Amino acid sequence: MTTPAPKPARLRPRDRDAIISSLRSGVVPRAGFQHIQVGRAAEVSAMSQEITRIADGGSAVRFVIGEYGAGKTFFLNLVRSIAAERKLVTTSADLSPDRRLHASGGQARSLYAELMRNIATRSTPDGNALPSIVERFVTSAIQEAANAGTSPATVIAGRLEQLSESVGGYDFAQVIAAYWKGHDTGNEQLKSDAVRWLRGEFATRTDARAALGVRTMVDDTSFYDHLKLIARFVRLAGFSGLLVCLDEMVNLYKLAHTGARKSNYEQVLRIVNDCLQGNVEGLGFCFGGTPEMLMDTRRGLYSYEALRSRLAENNFAVGGLVDYSGPVLRLANLTPEDMHVLLERLRHVYAAGDPASYLVPDEALAAFMQHCAGRIGDAYFRTPRNTIKEFVNLLAVLDQNPGADWRQLLGNVSIDTETNPDLEPLPDELDVSDPNGTDELTSLRI
Ligand SMILES: Nc1ncnc2c1ncn2[C@@H]1O[C@H](COP(=O)(O)OP(=O)(O)OP(=O)(O)O)[C@@H](O)[C@H]1O
Ligand SMILES: [Mg+2]
């Protein structure tokens with residue numbers, strides 16, 4: 001489905017440059033989606049409802065499933081930007097052999113640390129927003145205290161009491177209290193130690209204790225409890241909730257060790273259960289992955305029976321019927337029509353929104369698509385990364401060489417089919433079962 005959205009007016013040069021440079025280097029832009037987005041109207045509206053639920057203090061979980069190159073990462077970034085508009089704090093990370101949901105060698109803590117680095121708000125969209133969120137917690141408490149005629153310390157203690165009830169919440173509250181003390185006494189070191197602790201950057205308990213007087217720190221086992229605490233904390237700081245996007249779920253599917261995979265899927269199940277049953281407040285998860293990651297009954301999420309039954313899709317949604325309300329959200333590949341609209345948008349963005357500066361006429365768009373179809377067939381719109389990149393490259397040459405003719409240049413556009421690195425053979429199954437689900441061995445085998 002293609003949204004015939006009206007063409008946006010002028011673009012800010014900063015947005016234009018960011019979009020163009022991301023696409024040229026083959027990565028998904030982080031902002032300005034409205035200028036290039038095609039399709040996805042129904043999916044966006046489904047996610048929008050989930051965001052409302054989170055903002056109302058509820059929870060949500062979605063698995064965004066699409067083929068290689070279908071636009072999962074683009075969609076997750078788009079969802080993040082919508083969530084940020086609605087005053088949610090958002091964060092994202094790619095899973096990898098070194099970043100997992102469950103581990104015993106530090107990989108879960110390192111996923112947490114990555115999520116904390118990427119934490120963003122509307123006013124700090126590029127990440128690293130944690131210090132400003134903590135600062136906001138403190139300044140809003142000072143404000144509230146001034147309005148109520150009490151001391152900030154009383155307001156802060158009242159708010160932190162709510163955190164102390166949660167698992168791991170006591171130390172979390174102590175750390176925030178330490179930040180407040182640093183703020184109050186001008187102790188920058190204390191403030192930065194508190195933020196380091198919240199980011200999961202302390203390596204040993206001894207260091208954490210010396211710096212902040214707490215006994216615990218974020219580690220592999222407490223990773224998810226801490227995310228839940230962060231979700232509660234951002235609400236106390238005045239945001240509406242936390243949205244966590246985890247992309248490249250295929251990395252769990254690729255874990256060679258059965259025990260390690262199972263423990264990771266157990267963690268996914270815990271998250272799914274919490275979010276579907278409403279055990280968490282103001283917290284949502286969005287996972288991105290390929291169909292085999294979901295459906296492969298030997299290694300995918302479906303290999304874990306409890307997940308399969310929760311994520312099974314609606315049997316009635318077949319033959320063109322759709323259901324966007326379940327936890328699994330399927331992203332169809334883009335169509336040739338979508339691609340045409342996308343090329344129009346790219347031309348528009350390149351010209352910074354000024355039709356008088358378009359570098360190619362309409363007929364060039366169709367000719368470009370035909371050229372790509374001749375070279376790589378359907379892949380030009382199904383896995384559009386290279387097509388987009390080459391089109392922007394073509395515009396760049398035309399831009400810098402005013403005498404050049406697009407017809408001549410078109411013949412020189414060489415475009416390759418993208419290969420999906422995830423289709424490389426997986427390492428053999430290591431079938432010694434591992435009762436503890438420990439996975440040091442696995443990390444060596446990936
Ligand atoms: N709805 C859309 N509108 C405009 N451009 C899109 C859309 N979806 C995807 N794209 C563009 O298509 C390309 C591929 O998208 P993306 O990288 O999100 O795919 P993916 O499914 O995450 O791929 P992978 O399987 O490699 O992770 C990117 O250049 C992205 O900017
Ligand atoms: Mg991706």
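1. A residue is taken as buried if 20 or more other C-beta atoms, placed from the backbone, lie within 10 Å of its own, as exposed if 12 or fewer do, and as partly exposed in between. Helices (H or I, at least four residues) and strands (E, at least two) are DSSP runs numbered from the N terminus.

2. This is a predicted model, in which local features need pLDDT of at least 70 and side-chain atom pairs count only at pLDDT 80 or more, while totals for chains, interfaces and linings use all residues. Residues are numbered from 1 along each chain as its sequence is written, and chains are lettered from A and ligands numbered from 1 in the order in which they are written.

3. Strand β3 (residues 241-247) is largely enclosed by the rest of the structure, because seven of its seven residues are buried. Gly241, Leu243, Cys245 and Asp247 point one way from β3, whereas Leu242, Val244 and Leu246 point the other way.

4. Strand β3 pairs in the parallel sense with strand β2 (residues 88-94) over seven bridges, where pairing requires that DSSP finds at least two bridges between the strands; Asp94 stands opposite Asp247 of β3. Strand β4 (residues 283-289) also runs parallel to β3, joined by five bridges, and Leu283 of β4 is the bridge partner of Leu242.

5. The axes of helix α6 (residues 152-164) and helix α7 (residues 169-185), which are lines fitted to C-alpha atoms over the stretch in contact, with angles running from 0 to 180 degrees between N-to-C directions, come within 8 Å and cross at roughly 155°.
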